[in-house]
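Let's take a friendly walk through this model, with the chain open beside the text. The headings below mark the stops.

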Amino acid sequence: MTSPSNLTHVAPQEQRFLVLFDFDETIISESSDDAVVRALPGQKLPDWLKQSYREGHYNEHMQKVLAYMAEQGVSKDSIHSAVEKIPPTPGLLNLLQYLQNHQQDFELVVVSDANMYFIETWLERAGVRHLFHKVFTNPASFDATGRLVLLPFHSHSCSRCPDNMCKQVILRDYLVSRQKERGGMPFQRVFYIGDGANDICPSLALGPRDTAFPRRDFPMHRLLLGMQQFKANVVPWASGEDIVDCLKKIVKER
């Protein structure tokens with residue numbers, strides 16, 4: 001990837017399309033939480049901690065997991081290394097290379113229920129952090145004792161989403177704020193790339209000219225297959241190359 005200093009500055013108004021990425025199992029090939037848990041001495045959580053999870057309260061559960069890891073002596077360096085080693089999904093880096101080559105057309109954003117420390121660490125290591133205009137995720141940072149402290153992103157009233165994050169609220173607010181910043185000009189099209197059940201809610205905000213890219217045979221894809229009324233186009237992907245092929249056609253339309 002080209003370093004930020006080599007990139008030509010592009011005025012935001014010129015970017016016609018918005019591309020939103022989930023992170024876990026979309027940009028990277030597995031859950032970052034699962035990868036980090038393997039830094040534990042036994043490489044797995046005790047049953048009592050696994051069983052403490054409550055549906056819809058995953059952020060709260062991960063706060064307990066990270067506290068437990070600190071108690072077990074898992075260092076910041078070990079966590080950092082575990083995150084950096086996670087491979088990208090197939091063809092993902094090719095997709096990002098394509099988007100970098102067409103940065104005049106695409107604004108990129110991450111919307112993820114992971115956390116800021118994991119995402120920033122991985123994107124920096126992969127050399128692609130500069131491609132993303134914004135990262136929306138749960139705050140996380142190390143405290144003075146060496147524990148990674150995780151917080152919820154926000155509160156909301158959406159019954160479909162976990163208590164700490166509704167991605168549709170994030171998407172709608174972002175579209176409104178960016179349109180104001182762009183002098184009243186909306187994006188011509190919005191593309192949402194994801195894999196999980198929590199990627200359905202933001203996809204419901206997409207319109208007929210927009211496209212949802214669910215990872216093939218993952219929960220988002222299976223749920224979309226069962227939906228009768230869905231406004232946006234749906235293009236399943238197994239590799240980032242599948243997304244590149246679709247975007248190439250749209251860019252040519254102008």
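## A polar pair to begin with

The side chains of D22 and K167 are joined by a polar contact of 3.0 Å (a pair of N or O atoms within 3.5 Å; within protein, one must be able to donate a hydrogen and the other to accept it, and residues adjacent in sequence count only if both atoms are side-chain atoms). The model is predicted, so local features need pLDDT of at least 70 and side-chain atom pairs count only at pLDDT 80 or more, while totals for chains, interfaces and linings use all residues. Residues are numbered from 1 along each chain as its sequence is written, and side-chain values use heavy atoms, with hydrogens and water left out.

## The annotated active site

The UniProt annotation "active site", from an unreviewed entry, covers D22 and D24; such positions are given in the numbering used here, feature names are shortened, and annotations may be inferred rather than shown by experiment. Both D22 and D24 are included in the lining of the largest pocket.

D22 has its place in the loop between β1 (17–21) and α1, and D24 is found in the loop between β1 and α1 (helices, H or I of at least four residues, and strands, E of at least two, are DSSP runs numbered from the N terminus). D22 counts as buried because its relative accessibility is 5%, and D24 counts as buried at 16% (buried means under 20% relative accessible area, exposed over 50%, partly exposed in between, with a 1.4 Å probe and protein chains only). Leaving aside neighbours within four places in sequence, D22 is in contact with residues including V111, S112, K167 and D195, and D24 touches E30, S31, S32, A114 and D195; contact means heavy atoms within 4.5 Å.

## The annotated binding site

What does the UniProt annotation "binding site" cover? In the unreviewed entry, the residues are D33 and D113. They are spread over 81 residues of sequence, yet they cluster in space, with a largest C-alpha distance of 10.5 Å.

D33 is found in helix α1 (residues 32–37) and counts as buried at 5% relative accessibility. Not counting residues up to four places away in sequence, D33 touches Y58, M62, N115 and F118. D113 belongs to strand β2 (residues 106–115), and a relative accessibility of 17% is why D113 counts as buried. The D113 side chain makes a polar contact of 2.8 Å with the side chain of N138.

## The largest pocket

The largest pocket has a volume of about 650 Å³ and is lined by 24 residues, of which D113, P162, G196, A197 and N198 lie nearest its centre. On a 1 Å grid over the protein atoms alone, a pocket is an open set of points where a 1.4 Å probe fits, with protein on both sides within 12 Å along at least five of seven lines; lining residues have an atom within 4 Å of a point. Grid points are joined across faces, edges and corners, and a volume is the space filled by probe spheres set on the points. Strand β2 gives the largest share of the lining, three residues.

The largest nonpolar core has 54 residues, and F21, L99, F106 and F132 have the most contacts inside it (a core is a set of buried Ala, Val, Leu, Ile, Met, Phe, Trp, Tyr and Cys residues joined through side-chain atoms within 4.5 Å). Helix α10 (residues 240–253) supplies the largest share of this core, six residues. A second, separate core of 19 residues includes L18, V111, M165 and F230.
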